[in-house]
Amino acid sequence: MDGPAHTRLREVVRGMIARAEPLPPDVRARIEGIAGGLGDEFDLVADFARPVAAAVTAVVLGVDLPPRVIADIEAVTANLDAWFGRGGAADTAALRLAMFFARAGVLPEADVTEEERLVTPVMLAHAAFENSRNFLALAGLRLVVERRPEDARSLANEIVPARLVYRRATEDVELAGHPVRAGQTVAVRLDDGLPFGAGPHTCPGAGVALAEADVALSALARVLRPGHRVREVEYSTHPVFHGLERAVVWLGN
C-alpha cells in the first residue's frame, strides 16, 4: 500500500503499537522473569527468544496469545507463500489467525476496511513475533560466544533478522540499470544499515523492538556465567528470515 490508504492504516497500527510504548512494567518484569528463570542449560530459541517475543507481541496486539495461536504465527511466518495464496498449511494457519484476531476485536471496525481488519493483525503479529524471536536468539548467541557488552541499539544495527522485504512495482521503472515492469515484485535488502527499513515504510515498531531487546538482553547478560558454552547451533534456512532454529547454552566445566 502507498498514498492516503497507507497513511490511514499506518496510523491505526501506530495506535496499537503505542500500547507498548514504553514497555509496561509488568511486561518488563515478565521478560526479566523469563531470563532469570533460565537454568544451567537452556535453548536460546525455545526458552528465551520465543517466550519474550510472545509476551511483547501480546501487548502490541492487546490480546492474550495462547500456545495454539503462537504455533499458528510460526506456521505463517515459516512460509512467505502464505501471503501470495500458495502457502498450503500456512494459508490455513493465517486464516485461523485472522478469525481469532477478528473475534478478539484487535482492530476497530472504524477507519479500516473488512479486508484490512482481517489481514492487518496477522501481518502485525508476524512482524512483531518473527523478527523479535530471530533477533533475540541471534543477539543472545553473540552474548554467549563473544561476551560483547554492546547495547541493544548497536546489536540491532549489526543483526538483521529479515534479510529483505518485497515490494511490488505499480508502474514501469528502472532500478540500478534493471528494468522493472508494473506488477513485478522486487526484493529490497535490509542489511547495510537498514534494520528497520526507511522512508514511508519505516518500521513503526522500532522503538518497541529496541526497548524489548534492551530489557531482554540485559536480563540475559546477568544470568550468564564465564562457564556458559553453546552447542547444537542450528540456523534457519529460510531465504528471507535470518534466525536460529536451536542453540543450547550449557554451563561447562
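Modeller: The expected span of a helix is 1.5 Å times one less than its number of residues. The model discussed here is predicted.

Colleague: How far apart are the end C-alpha atoms of helix α6, residues 114-146?

Modeller: Helix α6 has 33 residues, so at 1.5 Å a residue it should span 48 Å. The distance in the model agrees with that expectation. The end C-alpha atoms are apart by 48 Å.

Colleague: How many of the residues of α6 are buried?

Modeller: Buried means under 20% relative accessible area. By that cut-off α6 is mostly covered. Of its 33 residues, the number buried is 24.

Colleague: At what angle do the axes of α3 and α6 cross?

Modeller: Helix α3 covers residues 44-61, and its axis comes within 8 Å of that of α6. The crossing is right-handed. Residues in the contact include Phe 48 and Leu 61 of α3, and Leu 124 and Leu 136 of α6. The axes cross at roughly 145 degrees.

Colleague: How many nonpolar residues does the contact of α3 with α6 have?

Modeller: Three residues of this contact are polar and two are charged. The nonpolar residues number 17.

Colleague: Which residues beyond four places in sequence are in contact with Leu 61?

Modeller: Leu 61 is among the residues that touch the most other members of the largest nonpolar core, which has 68 residues. Leaving aside neighbours within four places in sequence, its contacts are Met 16, Arg 19, Phe 101, Val 106, Pro 121, Leu 124 and Ala 125.

Key: Residues numbered from 1 in each chain as written. Predicted model: local features only at pLDDT ≥ 70, side-chain atom pairs only at ≥ 80, totals over all residues. Heavy atoms only, no water. Helix = DSSP H or I, 4+ residues; strand = E, 2+ residues; numbered from the N terminus. Buried < 20%, exposed > 50% of the residue type's maximum accessible area, 1.4 Å probe, protein only. Core = buried A, V, L, I, M, F, W, Y, C linked by side-chain atoms within 4.5 Å. Contact = heavy atoms within 4.5 Å. Axes fitted to C-alpha atoms, helices over the stretch in contact; angles between N-to-C directions. Left-handed = near helix turned anticlockwise from the far one by under 90°. Nonpolar A, V, L, I, M, F, W, Y, C, P; charged D, E, K, R; others polar.
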